[in-house]
Amino acid sequence: MKINLADDMKLALNARNRSYSPYFNFAVGAVLMCKNGKRYIGCNIENGGIQAICAERVAFLKAISEGEKEFEYIIVARGRIKKRNNKRMLTLWIL
């Protein structure tokens with residue numbers, strides 16, 4: 001398995017852009033790398049009810065529902081939209 005963290009960081013950033021976060025304006029994207037080289041992507045999803053789901057959980061749920069049980073790492077990109085200049089603050093986590 002070839003690890004390319006730069007590509008995975010781009011995937012996490014793209015996943016963050018698919019976030020549905022109208023309430024807190026805090027978008028998160030995640031890329032989960034499995035030991036076999038497959039990647040699973042997730043984004044956070046807010047709702048008007050009592051619970052939202054985080055990007056990391058989405059990625060893990062997708063992987064586990066496809067039968068994956070061994071994981072290599074997860075990359076998480078998160079950012080809040082600033083109201084003044086509409087720029088995002090960004091944090092990348094590699095675990």
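At 45% relative accessibility, lysine 35 counts as partly exposed (buried means under 20% relative accessible area, exposed over 50%, partly exposed in between, with a 1.4 Å probe and protein chains only). The model is predicted, so local features need pLDDT of at least 70 and side-chain atom pairs pLDDT 80 or more, while totals for chains, interfaces and linings use all residues. Residues are numbered from 1 along each chain as its sequence is written, and side-chain values use heavy atoms, without hydrogens and water.

Lysine 35 forms a salt bridge with glutamate 72, their closest N and O atoms lying 4.0 Å apart; the term denotes a side-chain nitrogen of Lys or Arg within 4 Å of a carboxyl oxygen of Asp or Glu. Lysine 35 belongs to the loop between β1 and β2 and glutamate 72 to strand β3 (residues 71-81), so the pair ties together parts 37 residues apart in sequence. Glutamate 72 is partly exposed, at 35%.

The whole structure holds two salt bridges. In the pair of arginine 39 and aspartate 8, the N to O distance is 2.4 Å. Arginine 39 lies in strand β2 (residues 39-43) and aspartate 8 in helix α1, so this contact joins parts 31 residues apart in sequence. Aspartate 8 is buried, with a relative accessible area of 0%, whereas arginine 39 is partly exposed at 32%.

Helices (H or I, at least four residues) and strands (E, at least two) are DSSP runs, numbered from the N terminus. In α1, Asp8, Ala12, Ala15 and Arg16 are buried. Viewed down the axis of α1, its buried residues fall within an arc of 105 degrees, so they line one face of the helix; the arc is that of the directions from the helix axis to the C-beta atoms. On the other side of α1, Lys10 and Asn17 are exposed.
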